[in-house]
Amino acid sequence: MSDMPKEKLERLRALAELDPFENFSEQIRDFMDSTVDQGTQPYWGMPTILGAPHSESLDGLDIALMGVPFDLGVTNRPGARFGPRALRALERVSTFHHESHIMPYAQAAIADAGDVALESRYSLDEATDEIESHFHRIMDAGVIPLSVGGDHSITYPILKAVGREKSVG
């Protein structure tokens, strides 16, 4: 027998019977239902940046989430190269913002397009050229890149590619 007061137990039982999506709009309900059907719960499947679908191709994308696992631009503090992997490993609770009710995946074609493959792991100059070239390909495809790195040295080649046609800012 429990020592919990009967009134408190009744309140808890009533809470357990509530629909957790009761206060969400139909758009959010539909989106949440569709993600459950696709098996995109945060604790199963291949981990991706922010739980986005994975795509090897930029075709049809509006936004490409890119990892840039690189930290050759720092001394004595390596480890930023693990940033993309660590972000993918985070368990995601939801794909929408609970206050603003904005759901990026319902408003744009977004995918985790993998990591920038760097062949020049030991040359900062060559690696930044490779990063810039990779982001030129993304921009040439008409896709907006959103990157996760790496150390601060990845910023310059990315901004050079993004700002090639039009200044950034």
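Let's start with the lining of the second largest pocket: by class it has six nonpolar, no polar and three charged residues. Nonpolar here covers Ala, Val, Leu, Ile, Met, Phe, Trp, Tyr, Cys and Pro, and charged covers Asp, Glu, Lys and Arg. This is a predicted model, where local features need pLDDT of at least 70 and side-chain atom pairs pLDDT 80 or more, while totals for chains, interfaces and linings use all residues. Residues are numbered from 1 along each chain, and side-chain values use heavy atoms, without hydrogens and water.

A pocket is an open set of points on a 1 Å grid where a 1.4 Å probe fits, with protein on both sides within 12 Å along at least five of seven lines; lining residues have an atom within 4 Å of a point. Among those lining this one are Phe70, Asp71, Arg81 and Tyr122.

Now, which residue meets Asp71 in a salt bridge? That partner is Arg81, at 2.8 Å, N to O. A salt bridge means a side-chain nitrogen of Lys or Arg within 4 Å of a carboxyl oxygen of Asp or Glu. Both residues lie in the loop between β1 and α3, so the pair ties together parts 10 residues apart in sequence.

On to Arg88, which forms a salt bridge with Asp112. Asp112 lies in strand β2 and Arg88 in helix α3, so this pair ties together parts 24 residues apart; helices (H or I, at least four residues) and strands (E, at least two) are DSSP runs. Arg88 also meets Asp115 in a salt bridge. Shared partners join Arg88, Asp112 and Asp115 into one network.
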